Amino acid sequence: MTAPSTVNAAARAGDGPRRTARRPRTRTRARRASTWAVRAPLLPALVFVIAVTQLPFLATLVLSLFDWNSFHPGSRRFTGLANYATVLGDSTVREAVVTTTLLTASVVAAALVLGLALALLLDRRFPGRALVRTMLITPFLLVPVAAALLWKHLLLNPEYGLLNGVLAWASRLFGDGGAPQPDWVSAAPLIAVGAALVWQWTPFMMLIVLAGLRSRPYEATEAARLDGASEAQIFRYLTLPHLRRYLELGALLGSIHIVQNFDAVFTITSGSLGTANLPYTIYQIFYQAHEYGQASAAGVLAVLGSLVIASVALRVVSSLLRGEASRG
Amino acid sequence: MTAVAAQPARSHGRHRRMFLGLLAWLAGIVFFLPVAWMILTALHSETDAAANPPAVTAPLGLDGYRSFFGAGGGPSPWPSLINSTTVAVTSTALVLLLALPAAYALSVRPVRGWRDALFFFLSTKMMPVVAGLLPVYVFAGKTGLLDNVWLLVVLHTSMNLPVAVWMTQSFLADVPASIVEAARVDGARLPTVLARVLAPVIAPGLAATALICCILSWNELLFARVLTSVTAQTAPVFLTGFVTGEGLFLAQLCAASVVISLPVLAAGLAAQDKLVQGLSLGAVK
């Protein structure tokens, strides 16, 4: 029984040197070819994204080291980090950073809380639920510019806006007709921009939380209910912990979009009255002041800032993906 | 005994349910009210639209829509609507063409480090758009590509490609391996496998991806505002330039907003179920 196997082993050993001399090369070549065959489908998309998103950013990095105002094209010269000093010393840029943080944090928080409440309301069965859901999603499906215009002119305008119109109508009905008719956008500009954004983003948060509620383990809730847990306890100890990752995801996706918001600021206040956020300020530095070097430096700083948000966001998304994978 | 005790509890539960249902309806109406007001105002005359207190019961007509489409001698919205359609449709077609093979290499037959590649795509969505805009603007100015729809097509493609790669990847990951294996045993080449086998299987997902990419492209303002002016102007840019005219414009503005938002509303409601999945880049199913 052992003999044949020894013979085989000997034969293999005898074969050995010649094979090891030839095989690796063909094998690596074959493997390399097959690796590229696997990679090939990915490459067009990868190259395209790198060319269109990463190369411009490298160019921004280079431009940020030059003193360049397009009104004086002859005076373009290398200035090292001077643009960064200018930008960091510029009070409009610093105010823009504060405005961006304030606007993003408050809009995301408000939209998330409202979205959670609406999702909980929609999670139970009632007549006309599908219609109410559609009505709630509609604001999110308006073109952002149209939504901003709607708030600025149709709702908040001091003379013919709906809000003041209703105030006047109510005071004529119940009082002396002398209702206050404030100019909402100038009285509370950041709140006006924020309100329009909260109105548009609450449905998005609601949809994410609803997806979270749908994936809630039914058995655990039922068991807790049978054990006599109250609705409040079930929400606090079962639903909310389950929703945590979805709330985090909603907060991060909302932040990514609202940090970059341009449409609402541009439309409602044109960045005046202390509402200019970072994207709008950078747009202004290069599109109106034509200070290309400074705009680039501000852009680089904005990217550095967003890297912080991005690294947290990527971690949350990847933990969510692993959760989905382990459940599926 | 128990039946009697259960009675008040049940009716208490029913009142609570009714109250919460009414609350949901109230919330829905509050959120929808501005949109309803916009639709109504679009049908009013300019004088009624600017009335204070609001003229809710004013007669309805289509003058707002007529003057939006240029009946009053204003600029016609058609060129900008056509530009927006061209950019949205072309960029979405390009996105799908690039995203489907990429998603295949990230899920069905994954390359080494596929997770890193996937997260690289995602990270480009987190970079502030405005940071890369200046070099593009300078480059376009030098090469005569300013005010050209094809430049917008390229930029919108890169803007939406990460979204589409993530969505398509999450759809492909759900396709049973046996389907792909069967196709490969037949000796079909990759383009054939993608077009004849995988695309039909994930067709609903691809449709949702396409709709979401179209919406994002149609809505985009910053690129369009900076890189186009007259000939390549898109619908959102047209809308921002609309208010500068003097006099009453409210009904016309509402008509414009309704017309320009209508395609997005239709696409969004059609893709409703996949909307979250798309906008969370496939992280939520």
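Author: The domain assignment of chain B gives domain 1 (2-68) and domain 2 (78-279). Keep in mind that this is a predicted model.

Reader: How far apart do the C-alpha centres of domain 1 and domain 2 of chain B lie?

Author: They lie 34 Å apart. The two domains of chain B still touch: 15 residues of domain 1 are in contact with 10 residues of domain 2.

Reader: Which helices of chain B supply at least two residues each to the side of domain 1 that touches domain 2?

Author: Those are α1 (2-42), α2 (46-49) and α3 (63-68) of chain B. The most comes from α3(B), with 5 residues. By type, this side of domain 1 of chain B has 7 nonpolar, 6 polar and 2 charged residues.

Reader: Now the two chains. How many residues of chain A are in contact with chain B?

Author: In general, the size of an interface is often given as the accessible area lost when the parts come together. Here we count residues. In chain A, 82 residues are in contact with 76 residues of chain B. Helix α14 (residues 292-327) of chain A gives the most to chain A's side, with 16 residues. That side of chain A divides into 63 nonpolar, 13 polar and 6 charged residues.

Reader: How do I read a pair of helices?

Author: Two packed helices are described by the angle between their axes and the distance between the axes. Take helix α5 (residues 114-126) and helix α7 (residues 149-172) of chain B: their axes come within 8 Å and cross at roughly 140°. That angle makes α5(B) oblique to α7(B). The crossing of α5(B) and α7(B) is left-handed.

Reader: Which residues of α5(B) and α7(B) meet?

Author: From α5(B) come B:L118, B:F121, B:L122, B:T124 and B:K125. They meet B:P162, B:V165, B:W166 and B:Q169 in α7(B). The contact of α5(B) with α7(B) holds 6 nonpolar, 2 polar and 1 charged residue.

Reader: What about phi?

Author: Most residues other than glycine have a negative phi. A:H290 has a positive value, near 60°. Find A:H290 in the loop between α13 (278-287) and α14 of chain A.

Reader: Where does B:D147 lie, and what is its phi?

Author: B:D147 lies in the loop between α6 (129-143) and α7 of chain B. Its phi is positive, about 60°, although B:D147 is not a glycine.

Reader: Why does B:D147 count as partly exposed?

Author: Count its neighbours. B:D147 has 15 C-beta neighbours inside 10 Å, so it counts as partly exposed. Buried would need 20 or more, and exposed 12 or fewer. A:H290 is also partly exposed, with 15 other C-beta atoms within 10 Å.

Definitions and conventions. Residues numbered from 1 in each chain as written. Chains lettered and ligands numbered in written order. Predicted model: local features only at pLDDT ≥ 70, side-chain atom pairs only at ≥ 80, totals over all residues. Axes fitted to C-alpha atoms, helices over the stretch in contact; angles between N-to-C directions. Helix = DSSP H or I, 4+ residues; strand = E, 2+ residues; numbered from the N terminus. Parallel < 35°, antiparallel > 145°, perpendicular 65-115°, else oblique. Left-handed = near helix turned anticlockwise from the far one by under 90°. Contact = placed C-beta atoms within 7 Å. Nonpolar A, V, L, I, M, F, W, Y, C, P; charged D, E, K, R; others polar. Domains from an automatic or database assignment.
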